[in-house]
Amino acid sequence: MNDFFTTNKRSIFGGLLTFLFLLIGIFLLGNVSGYKAKELIEASLSGVNMLCNTIVLGSATILTLLLTLLGISTSSKSTLKKAHYIQVSNIAKIDTVLFITALVLFQMFNIPITESEEVPTSWFKYLYWITLFFSSLISGMMVTVVLLLYSTVTNIISIVGLGKDHYLISEEEIEEEEEEKN
């Protein structure tokens, strides 16, 4: 797991930076009362639902595109190291967590809680902050997934498309090519 963080620190940092930037923006909004929070939830609910819907669709698309990436990887002339497949697997894992989280949040935000007379007004303040926290979290996760995918795609372009030597190319293949030339 430690190797995952060191290998993908730029992508993780980008997602974390996005998450923190959004949290700081939320923090700057200041404290809200229960009634005001209810109004803000009602006003922002369609936007949060759209965000969740977009992330669900985007992460599902990314998962299917990873299958295409694996097809390109296995059909290339170069033999790739396990590190490449681990990288793709990590993207798939994070993307699946993102997909499920966004889907659950989408369902939770569709509960008409602001219409209920049974919910105490003071709860809306907490629901408002939870909503903002989780929307920031899934936004940061999406940035992380996109940056991880970008790194993987640029590696594949370098290896398959440009035929460059790359750290993900298996050393055994390089040795075999040198033996064939001799």
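Q: Let's start with contacts. Among those with a separation of 6 or more, what share comes from residues 24 or more positions apart?
A: In this predicted model, residues 24 or more positions apart make up 86% of the contacts in the protein chain with a separation of 6 or more.

Q: And how many helices and strands are there?
A: The protein chain has six helices and zero strands. Read from the N terminus, the order of elements is α-α-α-α-α-α.

Q: What does UniProt say about transmembrane regions?
A: The UniProt entry, which is unreviewed, carries the annotation "transmembrane region" for residues 12–35, 55–73, 94–114 and 126–150.

Q: Take residues 126–150, then. How far apart are the end C-alpha atoms?
A: They are 36 Å apart, and the chain is 100% helix and 0% strand over residues 126–150.

Q: Switching to burial: what percentage of the residues count as buried?
A: Of the 182 residues in the protein chain, 35% are buried. The chain exposes about 11,500 Å², with carbon and sulfur atoms supplying 66% of that area.

Q: Which residues have the most contacts inside the largest nonpolar core?
A: Those are Leu66, Leu98 and Ile138, in a core of 21 residues. Helix H3 (34–75), helix H4 (82–109) and helix H5 (121–161) each give two or more residues to this core.

Q: What does leucine 66 touch, not counting residues up to four places away in sequence?
A: Leucine 66 touches Val88, Ile91, Ala92 and Leu149. Val88 and Ile91 are also among the buried residues of H4.

Q: Tell me about H4. What span does it reach from its first C-alpha to its last?
A: H4 has 28 residues and reaches 40 Å, close to the 40 Å expected at 1.5 Å a residue.

Q: Which residues of H4 are buried?
A: The buried residues of H4 are His84, Gln87, Val88, Asn90, Ile91, Ile94, Asp95, Leu98, Ala102, Leu105 and Phe109.

Q: Why would residues three or four places apart point the same way?
A: An α-helix has 3.6 residues a turn, so residues at that spacing point the same way.

Q: What about lysine 93, buried or exposed?
A: Lysine 93 sits in helix H4 and counts as exposed because its relative accessibility is 53%, over the 50% cut-off.

Q: Let's move to H5. Why does serine 139 count as buried?
A: Serine 139 belongs to helix H5, and it counts as buried because its relative accessibility is 16%, which is under the 20% cut-off.

Q: Where does the side chain of serine 139 reach?
A: The side chain reaches the backbone oxygen of serine 135 at 2.8 Å. Setting aside residues up to four places away in sequence, serine 139 touches Thr18, Leu22, Leu51 and Ile55.

Q: What is glycine 140 in contact with, leaving aside neighbours within four places in sequence?
A: Glycine 140 is in contact with Gly15, Thr18 and Phe19. Thr18 is also touched by serine 139. Glycine 140 is in helix H5 and is buried, with a relative accessible area of 4%.

Q: How far is glycine 140 from leucine 20, C-alpha to C-alpha?
A: Glycine 140 and leucine 20 are 8.3 Å apart in space and 120 residues apart in sequence.

Methods:
Residues are numbered from 1 along each chain as its sequence is written. This is a predicted model: local features need pLDDT of at least 70, side-chain atom pairs count only at pLDDT 80 or more; totals for chains, interfaces and linings use all residues. Side-chain values use heavy atoms; hydrogens and water are left out. UniProt positions are given in the numbering used here, feature names are shortened, and annotations may be inferred rather than shown by experiment. Helices (H or I, at least four residues) and strands (E, at least two) are DSSP runs, numbered from the N terminus. Buried means under 20% relative accessible area, exposed over 50%, partly exposed in between (1.4 Å probe, protein chains only). Contact means heavy atoms within 4.5 Å. Accessible areas come from the Shrake-Rupley method with a 1.4 Å probe; for residues, only the protein chains shown count as cover. A nonpolar core is a set of buried Ala, Val, Leu, Ile, Met, Phe, Trp, Tyr and Cys residues joined through side-chain atoms within 4.5 Å. A polar contact is a pair of N or O atoms within 3.5 Å; within protein, one must be able to donate a hydrogen and the other to accept it, and residues adjacent in sequence count only if both atoms are side-chain atoms. The expected span of a helix is 1.5 Å times one less than its number of residues.
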